[in-house]
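Dear colleague,

I am handing over the structure below, together with notes on what was found in it. Please read the notes with the coordinates open beside you.

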There are 2 protein chains.
Amino acid sequence: MSTNHLGVGAALLSLILTSTCCSCLETSRNGSPPNIVIMLMDDMGWGDLGVFGQPAKETPNLDRMAAEGMLFPNFYAANPLCSPSRAALLTGRLPVRNGFYTTNAHARNAYTPQEIVGGISQDEILLPEMLRKVGYVSKIVGKWHLGHRSQYLPLEHGFDEWFGSPNCHFGPYNDSDRPNIPVYKDSQMVGRYYEEFEINVKTGESNLTQIYLEESLLFLRAHAKAQQPFFLYWAVDATHAPVYASKSFLGRSQRGRYGDAVMELDHSVGVILDELRTLGLAEDTLVFFTSDNGAALVSAPTQGGSNGPFLCGKETTFEGGMREPAIAWWPGRIPAGTVSQQLGNIMDLFTTSLALAGLPVPEDRIIDGLDLSPVLLNSSLIDRPIFYYRGNELMAVRLGLYKAHYWTWSNSWEEFHKGVNFCPGEEVDGVTTHDQKEHTMQPLIFHLGRDPGEKFPISVLSEEYRTALQNISPVVERHKKNLVVAVPQLNMCDLAVMVRRKTVTASLLLCPFQG
Amino acid sequence: MSTNHLGVGAALLSLILTSTCCSCLETSRNGSPPNIVIMLMDDMGWGDLGVFGQPAKETPNLDRMAAEGMLFPNFYAANPLCSPSRAALLTGRLPVRNGFYTTNAHARNAYTPQEIVGGISQDEILLPEMLRKVGYVSKIVGKWHLGHRSQYLPLEHGFDEWFGSPNCHFGPYNDSDRPNIPVYKDSQMVGRYYEEFEINVKTGESNLTQIYLEESLLFLRAHAKAQQPFFLYWAVDATHAPVYASKSFLGRSQRGRYGDAVMELDHSVGVILDELRTLGLAEDTLVFFTSDNGAALVSAPTQGGSNGPFLCGKETTFEGGMREPAIAWWPGRIPAGTVSQQLGNIMDLFTTSLALAGLPVPEDRIIDGLDLSPVLLNSSLIDRPIFYYRGNELMAVRLGLYKAHYWTWSNSWEEFHKGVNFCPGEEVDGVTTHDQKEHTMQPLIFHLGRDPGEKFPISVLSEEYRTALQNISPVVERHKKNLVVAVPQLNMCDLAVMVRRKTVTASLLLCPFQG
């Protein structure tokens, strides 16, 4: 029922109630700000959740989380690759602003393999550093990916606790020249992947998800009765190749090892939400579930997930590379069973968390993240663009239902001819180009409502095209005008800043001077 | 809680209760068999429902129906085209058995345009004819498509009431030589599409879905208090090109006119289920929602829907052509919020309805439909193959999670070069072939669990391939051995059986002798 039926008095009352409510949004029932749990998946695709159309329906707990919370079908990563997206989450800033990009080559994706000496700058302010100011205790469980040298590690940037690794769990697995990736407990290295923390690459068996779950439960229980609010950043990685699952989940899904990993992660989500309920924390805790980038179709079908109806996957700026599954859950605060068509971005988790904690955003820098609390708590819709970057190139922009591509590129012909394919079975003529194709003078424009798969470019001769471009162009100009880029941290091919290795590693082979 | 906790006595009691329940499955609480409502969509795709991943989430009522009932992610049409699929639904038999196919050309799809003189044979037994034996009253609302000559119409084949049309609502729209399609009330023609029953092809406006809804509600109300059980076959067609919606739905979706049509149909589903509740019939009525074939990607993106992660669409025997959205709803009988991985087929609706009505299947013929009542009521899983036909050619077979293609074909090069594309943006090399490609000696095999998009054929050299083929081959042999084909009813290109026209119509252009 709208206020039309209630008259002016009631409308005013409603306004007062809304205002009162707004001023107390940030605090939970006992007066302290809410706990925050961010569940970040690794390479999980939009289409991997039952509620987003995975036919095998492997995610009853996530589907239930959606039924009890708010589902976001239009939520984006800040980058189609892991490190930059994660740095953006924790800083609320685009990778070009926080340094998580490279200038080595045009539109080059970059992350933090062991050769990289860069990492998150001391000048960047991370979410747990901010939250600490108002008494939060913070823990990260899982993959960090913001630099592996000691000055970049989580406890140097606001986290109080850590169990996990600075890097991905792939590697040479057993190579004395380039060791397997270390695993940390807080500031102490406690072992290495494939050694103390086993991953059987042949069978896919590993207990890591169970360990990550246990580490989270320990944290929740320890802080359940404290007056101190907490921030848990649960950054699990079982869906990143080589995908793994523990013994009791292996072979349970219809999709093979990848689906088994999804089922185990979904199970863990259920256990964590149940634990919050059991501890009486459910109504004092915002839980947000999402993923760092699209499913890695390059690893499909055995080690990669699904991007549902979207084009291509990880590494690309098509929808499959950056559209993410996203669910917000906060019983009693977020209305159950709602779908928000808000355009969201992983960077919003920074700003939204600050708002809920009653903190202002840092004022000395541009923050790209939006405060989604009005969306979560009042089902508002906020107009905002989505920027799709590869390296320091703005490849595409979404505004409303229109998306303009200024550059298109899947991957190079050279890679493609070696069998590397970011868009298997999805080549769209003139769209999934293997040459870097510039369209800045006349961008390719798609209507993502009737064409979520980016298969039907709108005719440049149409009125619809002209109107869409007229709306998008000033947004892009404003964005570029205000853009102050950071020193790039991920120039991995710059030998001057790289750790020396005796042998040429796989990642070095991608450097232009090698080719 | 499992019976483990209850001890042997309780387990026995549970067994007895289950057995008792089984013997009364067919009857509802007041002792008469349940009402049956089949909601059949036209060209709606698997991916058009929110619960199956449509990003715009246009189907809150269908999603709720799924949450209250049983969802089938592995449900199939009997054919990738409308007429044969509908004939199969009502006869429980494959189109090659019931005559709804053509022998004019190899693997040719065929339906019932006005030129066709064929229709459903008097030798076939239709579902309402069977149900009438035990006192059901039956109504069809919407599209018939089993032949337009008087002897083929619904009231000649068991239905008591009809509002709708024998054919599709596309046409020449205004052509005295080939008139617009008639609309019937029972046995009386009451007007024609585009004349008395307006469809504005430019704006997409039409009230037909509202009329179809009202016709259904009238039927439900009229029979609510009668002792007589009823069968409602709600065969609406707003999602078939030219797609349409009524004024209050036009412009409401993010997808344009197609999404508007989906929203209006979804709304109607909600109204019908609510009406069943209001009339106190919900617990005495099985409602089954599905579609006749995959989304028509040939009409995408403005007039076609989504097949989610599946390959190609209508007219093809890839998953996008025949995998259908499907939901069963029967409060108090079908457990709420369940997902069944049962392989289902539209022909099962015939057999399941008979079982629920307490009727045996006809014994003088092969019935392809399976009785799904153990699946619906006891969550059983029944092993069975799915056969994918085009015309009289068995193109592919699914058994478990494996699908073998004996022939691949999207459409001809000739059509393709004219811009007709059944797989836009989804060409898979060697799979979506424009030549009719035979693989009978070495079928293409896909694992539909890890590869629902049919993009990664399993290596013929692998153990997995050999095992899958060893399992599938005897099933195919048995099927072919028992196959008695009917006289083809849809040999539209046979001039001897065609209605004469002064001008050559579009459908005639497809005939081999034309080209």
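A:Lys57 sits in the loop between strand 1 (35-41) and helix 2 (60-68) of chain A, where helices (H or I, at least four residues) and strands (E, at least two) are DSSP runs numbered from the N terminus. Its phi is near 50°, a positive value in a residue other than glycine, and at 14% relative accessibility A:Lys57 counts as buried; buried means under 20% relative accessible area, exposed over 50%, and partly exposed in between, with a 1.4 Å probe and protein chains only.

Before going further, the conventions: this is a predicted model, in which local features need pLDDT of at least 70 and side-chain atom pairs count only at pLDDT 80 or more, while totals for chains, interfaces and linings use all residues. Residues are numbered from 1 along each chain as its sequence is written, chains are lettered from A and ligands numbered from 1 in the order in which they are written, and side-chain values use heavy atoms, with hydrogens and water left out.

Other backbone features deserve a look as well. B:Tyr194, in the loop between strand 7 (188-192) and helix 6 (208-224) of chain B, has a positive phi of about 75° although it is not a glycine, and B:Tyr194 is buried with a relative accessible area of 15%. The peptide bond from A:Ala241 to A:Pro242 is cis, with omega near -5°, and A:Pro242 belongs to the loop between strand 8 (230-235) and helix 7 (257-278) of chain A. In chain B, a cis peptide bond joins B:Ala241 and B:Pro242, with omega about -5°.

As to how the chains are arranged, chain B can be laid on chain A with an RMSD of 0.0 Å by a turn of 180° and a shift of 0.0 Å along the axis, the copies being superposed by least squares on the C-alpha atoms of residues with pLDDT of at least 70 in both. The two copies are thus related as by a two-fold rotation axis. The same surface serves both copies, since 100% of the contact residues of chain B recur in chain A, contact meaning heavy atoms within 4.5 Å. Of the residues of chain B, B:Gly53 comes closest to the rotation axis, at 1.9 Å for its C-alpha.

Two positions carry annotations in UniProt, whose positions are given in the numbering used here, with feature names shortened and annotations that may be inferred rather than shown by experiment. The unreviewed entry lists A:Cys82 for "modified residue: 3-oxoalanine (Cys)". A:Cys82 lies in helix 3 (residues 82-91) of chain A and is buried, with a relative accessible area of 3%; leaving out residues up to four places away in sequence, A:Cys82 touches A:Tyr111, A:Lys143, A:His145, A:Asp292 and A:Asn293. The unreviewed entry also places the feature "glycosylation site" at A:Asn207, a residue of the loop between strand 7 (188-192) and helix 6 (208-224) of chain A. A:Asn207 counts as partly exposed, at 45% relative accessibility, and, with residues up to four places away in sequence not counted, it touches A:Glu198 and A:Ser246.

In chain B, ten of the ten residues of helix 3 (residues 82-91) are buried, so the helix is largely enclosed by the rest of the structure. These buried residues pack against strand 1, helix 4, helix 5, strand 4 (137-143), strand 8 (230-235) and helix 9 (348-356) of chain B, and the helix is followed by B:Gly92, whose phi is positive, near 70°.

A cavity here is a set of points, on a 1 Å grid over the protein atoms alone, where a 1.4 Å probe fits but cannot get out, and lining residues have an atom within 4 Å of a point; grid points are joined across faces, edges and corners, and a volume is the space filled by probe spheres set on the points. By this rule there are 13 cavities of 30 Å³ or more, and the largest cavity holds about 680 Å³ of space. The largest cavity is lined by 46 residues, of which A:Gly308, A:Pro309, A:Glu426, B:Gly308 and B:Pro309 are the closest to its centre. Its lining divides into 20 nonpolar, 16 polar and ten charged residues, where Ala, Val, Leu, Ile, Met, Phe, Trp, Tyr, Cys and Pro count as nonpolar, Asp, Glu, Lys and Arg as charged, and the others, Gly among them, as polar.

With best regards

Technical notes. On a 1 Å grid over the protein atoms alone, a cavity is a set of points where a 1.4 Å probe fits but cannot get out, and a pocket is an open set with protein on both sides within 12 Å along at least five of seven lines; lining residues have an atom within 4 Å of a point.
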